[in-house]
Amino acid sequence: MTASSAPPVRAGARLAWRPLQRSTRVAIIAALAATVFYQLFLLNPAYRGPGWLWVTMLAAEGLTALHLIGTWWTILAHDDRPEPVDATVWRNRLRAGADVPSIDVFITAYGEEPTLVRRTLLAARDMELPHRTFLLDDGDSDELRRIADDAGVGYLRRPGGAHAKAGNVNAGLARTDGEFVVIFDADHVPEPGFLLSILPHFHDPDVAFVQSPQSYTNNVNLVATGSGEAQRIFYELVCPGKNHFNAAFCVGTNVMFRRVALDSIGGIWTGSNSEDIWTSIELHKRGWKSIYVPQVLARGLAPQDVPSYLKQQLRWASGSFEVLLRGRLFKRGIGLTIDQRLQYLFCGTHYLLSVAMLTFMFFPALYLLFALSPIRADGVAWATHYLPFQAAVLLVTWLQSGGFKLSAIVASIGAVPVHLRALGGVLIGRPAKWKVTNAGGRADRSLWAVMPLVALLLLNVTAIVVGVLVMADPAPTWLSVGWAGMIVLVLGRMIIESVTGGRIRHRTAAPAARPAHLYPPIGGRLDPQPQSVAAAA
């Protein structure tokens, strides 16, 4: 769907993306060439340092290049197809009050602040088109029951809480019978036109679910802004590409399912706490289609403190690593196309970039403390090969986004230890447990949550002091000092954010009572995928 052919919705809703520019396509092709140029330099035995360190760097840089190429390939597949005529016809009939199927809307809750739940509940209740709204409360809250009763919507509670959110949704499915099912997290407030925008995409009977993007409104501090910006490129550039390959996957909220499709796989997947992506895989295996609608139709809350942000990252990374390591994506006869297999593979390699990131954060300290370097080349040779690669990576991002925020890079690097913890948990069979991200609505302070970052910071500070005191070769020493200094600044900023509870605020949060359709539109610019950019640094 292009911006010009997007279905109209209530004033205030606006597309969260713009069509891929020709200049961006040219820059991606140039970036691919620069990547090959840099990789050939790294592989040249003439520049090889100590064997084990050289191999380590090749693995880290190779992983980074693999994911960058996969991301660029996906972006180049940007799906700009106009909306099918059948969908437009159905939307016009829906506006006229005809052909409206039965729709159940679920708001899942587990310990979130009641005022937050109430705001989402009322917005969901008041969406255009006839539907039934249900609050699925896994927290046994009598206050939420009263809120649901006062709002005149259904209230469903279940005993035990087995399988977390997936079990909660499945319990709701068992007690309802709508032809279509919509799922919202408790902190994602839908636009009035959500149903009218999404439903017509089911004109194709093979479509199992339609996903719209997440968008965050609470840019109140570094963590909230950084985590929100870190997701922006996924929804604005990557998801339209995945849509081209019929590989768009459910992200757990702002999604509509066809009930018969969920019935065909026994409901929402319960074998993982990342029920959204696993449900998508099972549906795609059985030949169902998915559609991504690049339109902001609901607005939610990003994590507001470091512990909450890291909990979210732990859960997301664990799910992606489960898919990567246990999804058997390349097993023969499982029903996935090669494009779908690769797109699900890239979900795991995104978080695997943290392994490369950690490797890069050790290199300056190794040189300053022990005079060890994976590459033995003069500064001119290294800069000639590396700088075009890095410049091309940044240019691709800049052309489409018009810039990016450093908070996204800080938040991404700050999550590196948690991503490695998630990887270890999946490897030993102990993936992360499901936890609510913004349950309490308050900012938590914690030094313990960032202790791995403290250790990395101290290592690099020590390396800077030692390197300057025993300097033997000024050029590479000062280069390493500069590199280590940037690491110290980034890690220090994340540590400060954690111990202050995110109280360094630079914007005022949107008022809690503000109607969803009055939030300012997201706009058309894109921001970078900081993990990919920073990992190449």
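This is a predicted model: local features need pLDDT of at least 70, side-chain atom pairs count only at pLDDT 80 or more; totals for chains, interfaces and linings use all residues.
Is R125 buried, exposed or partly exposed? R125 counts as partly exposed, because its relative accessibility is 33%. The protein has 537 residues, and 59% of them are buried. Its fold contains 18 helices and nine strands.

**The big picture**

- Take the contacts between residues at least 6 apart in sequence: 84% of them join residues at least 24 apart.

**Salt bridges**

- Side chains of opposite charge can pair when their charged atoms come close.
- The count here comes to 15 salt bridges.
- Back to R125: its salt-bridge partner is D126, and the closest N and O atoms are 2.8 Å apart. D126 counts as partly exposed, at 46% relative accessibility.
- D138 pairs with R158, with 2.7 Å between the closest N and O atoms. D138 sits in the loop between β2 (132-137) and α5 (142-151), while R158 sits in the loop between β3 (154-157) and α6 (164-174), so this pair ties together parts that are 20 residues apart in sequence.
- Both ends of that pair are tucked away: D138 is buried, with a relative accessible area of 12%, and R158 is buried too, at 11%.
- Another salt bridge links R286 and E282, whose closest N and O atoms are 2.9 Å apart. Here R286 is partly exposed at 46% relative accessibility, whereas E282 is buried at 8%.
- There's also a network: D104, R132, D177 and R259 are joined by salt bridges that share partners.

**Helix α3 and its buried face**

- Which residues of α3 (residues 85-95) are buried? They include A87, W90, R91 and L94.
- Looking down the axis of α3, you'd find its buried residues within an arc of 105°, so they line one face of the helix.
- As background, an α-helix has 3.6 residues a turn, so residues three or four places apart point the same way.
- The cover over the buried residues of α3 includes α7 (194-198).
- Just after α3 comes G97, which takes a positive phi of about 90°.

**Cysteines**

- How many disulfides does the structure hold? The number is zero.
- C239 counts as buried, at 6% relative accessibility, and C347 counts as buried at 9%.

**A closer look at L32**

- L32 belongs to helix α1 (residues 22-43).
- With a relative accessible area of 28%, L32 is partly exposed.
- Leaving aside residues up to four places away in sequence, L32 touches I69 and W72.
- L32 and W73 are 41 residues apart along the chain, and their C-alpha atoms are separated by 9.8 Å.

**A closer look at N254**

- Where is N254? You'll find it in the loop between α8 (222-244) and β7 (255-258).
- Is N254 buried or exposed? N254 counts as buried, because its relative accessibility is 0% and the cut-off for buried is under 20%.
- Again leaving aside residues up to four places away in sequence, N254 touches I183, F184, H188, F194, V210, Q211, S212, P213, Q214 and A298.
- N254 also makes a polar contact, side chain to side chain, with T253 at 3.0 Å.

Notes:
Residues are numbered from 1 along each chain as its sequence is written. Side-chain values use heavy atoms; hydrogens and water are left out. A salt bridge is a side-chain nitrogen of Lys or Arg within 4 Å of a carboxyl oxygen of Asp or Glu. Buried means under 20% relative accessible area, exposed over 50%, partly exposed in between (1.4 Å probe, protein chains only). Helices (H or I, at least four residues) and strands (E, at least two) are DSSP runs, numbered from the N terminus. The arc is that of the directions from the helix axis to the C-beta atoms. Contact means heavy atoms within 4.5 Å. A disulfide is a pair of cysteine sulfur atoms within 2.5 Å. A polar contact is a pair of N or O atoms within 3.5 Å; within protein, one must be able to donate a hydrogen and the other to accept it, and residues adjacent in sequence count only if both atoms are side-chain atoms.
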